[in-house]
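Good morning, and thank you for coming. I would like to take you through one protein model, and I ask you to keep the display in view as I speak.

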Amino acid sequence: MASKVLVVGSGVIGLRTALELLRRGAAVRLVSPAVPSSTCSHGAGGLWMPFHCDDGRTNRWSYETLDELSSGCEDPEGRGRYVESLPAVSFKAGGDSAVGLPDWASGEWSDAASSSLDFRRLTVDELYRKGKSGRFRLPPRAAIVDAGYTHAWLFRTRIVDAPLALSAMLDEVRSHGGRAEVDVGTGRSYGTPGEMADDARRHGCDAVANCTGLGARKVCGDGELVGARGALIHFDRRSVAWTTDDGEGPMTDASVTIEGGAFGSPTHPCYMIPRGDMLVVGGTYLEGDDEPDVRPDERRGLLENARRMGIDVGRSEPVGEWVGLRPYRPTCRLEVDEGLSGEGLRFVHSYGYGGSGWTVFVGAARDAASLLLDR
């Protein structure tokens, strides 16, 4: 069993891996060139739903994460809960025979989806009746029908307030006192995994967890890892104006996703996620696109997506925008690196979770900790 682990990375994967190790009794040295607020995890929508994470372990990681998120996840500093349970809707086009179930809600996972998510496949008519009786907010119905959407998935998801969650996790790491050394925001990056291993030994560590996300493309020379660019705009959830208010009282926000049909595509999905005090409207999924800013045509498209969701863009201005690069890999890299392990050191890689970092982070951290500690 490793007694002290060098964890490299301060996004959700690195922080939760450090916490898992500390909870299991190991000491941790957490290092990163960036602070958590500068990572891709910080700007993400925080929606629990497997998305572009193509790995046979994804569903197990996802449900392990869901179990932890369902406990509420209270911030130890008293800033409130950073997880919210809300309805989630994913619209589908193509008619009854063309609309199936996702793999995370079918087969061996159907019971888990039913019990943990109350997952249902509905017609659009059934969905809007549910929305009316349950008082949750949906896009304007006429536009959805006119665009050819016939069915939807409806389930009870969990949404993480990512900035608050990252702060809470970093605070919890630090709360372990002498067993946790924290050195983040240094601006210094490792050039190779070998440099990580050498630094680990210098600081008395006998294991390394490489949780560098997209940074592993350069550090590890991993040509399979690509950035999948996401562009978002933010609205103030507390003051935004809606075109869908029915005058019958308060309504619950819902997460809405449209990835196909007239309003969305695999590269330009249309979605809205209520996250903390923001409404996050997206988006893009563009592999290999490194543009750091929202392009003017993208901004126009995002405003159109907001309008489709029912936001009154004539009376509500975006309060911010964000671009991030999701670390996508054909198969997530969560494994022992036998070439770097040896001479009293174990080296584990944990990166490449695509658009599902906030969906798989607990399960992935547990697997990484087991690889590091169970020998």
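Let me begin with a loop: glycine 283 lies between strand 11 and strand 12. Helices (DSSP runs of H or I, at least four residues) and strands (runs of E, at least two) are numbered from the N terminus. The peptide bond that leads from glycine 282 to glycine 283 is cis, and its omega is near 5°. Most peptide bonds are trans, and most residues other than glycine have a negative phi.

A word on the origin of these values. This is a predicted model, in which local features need pLDDT of at least 70 and side-chain atom pairs count only at pLDDT 80 or more, while totals for chains, interfaces and linings use all residues. Residues are numbered from 1 along each chain as its sequence is written, and side-chain values use heavy atoms, with hydrogens and water left out.

Now the whole protein. It has 11 helices and 14 strands. Of its 375 residues, 56% count as buried; buried means under 20% relative accessible area, exposed over 50%, and partly exposed in between, with a 1.4 Å probe and protein chains only.

Which residues of helix 10 are buried? They are Glu298, Leu302, Asn305, Ala306, Arg308 and Met309. Seen down the axis of helix 10, these buried residues fall within an arc of 160°, so they line one face of the helix; the arc is that of the directions from the helix axis to the C-beta atoms. They pack against strands 8, 9, 10, 11 and 12, where contact means heavy atoms within 4.5 Å. On the other side of helix 10, Pro296 and Arg300 are exposed. After helix 10 comes glycine 310, with a positive phi near 105°.

Because 9 of its 12 residues are buried, helix 3 is largely enclosed by the rest of the structure. Trp61, Tyr63 and Leu66 are among the buried residues of helix 3.

Finally, two residues other than glycine with a positive phi. Histidine 52, in the loop between helix 2 and helix 3, has a phi near 50°. Histidine 52 is partly exposed, with a relative accessible area of 25%. Aspartate 118, in the loop between helix 4 and strand 4, has a positive phi of about 50°. Aspartate 118 is also partly exposed, at 41%.
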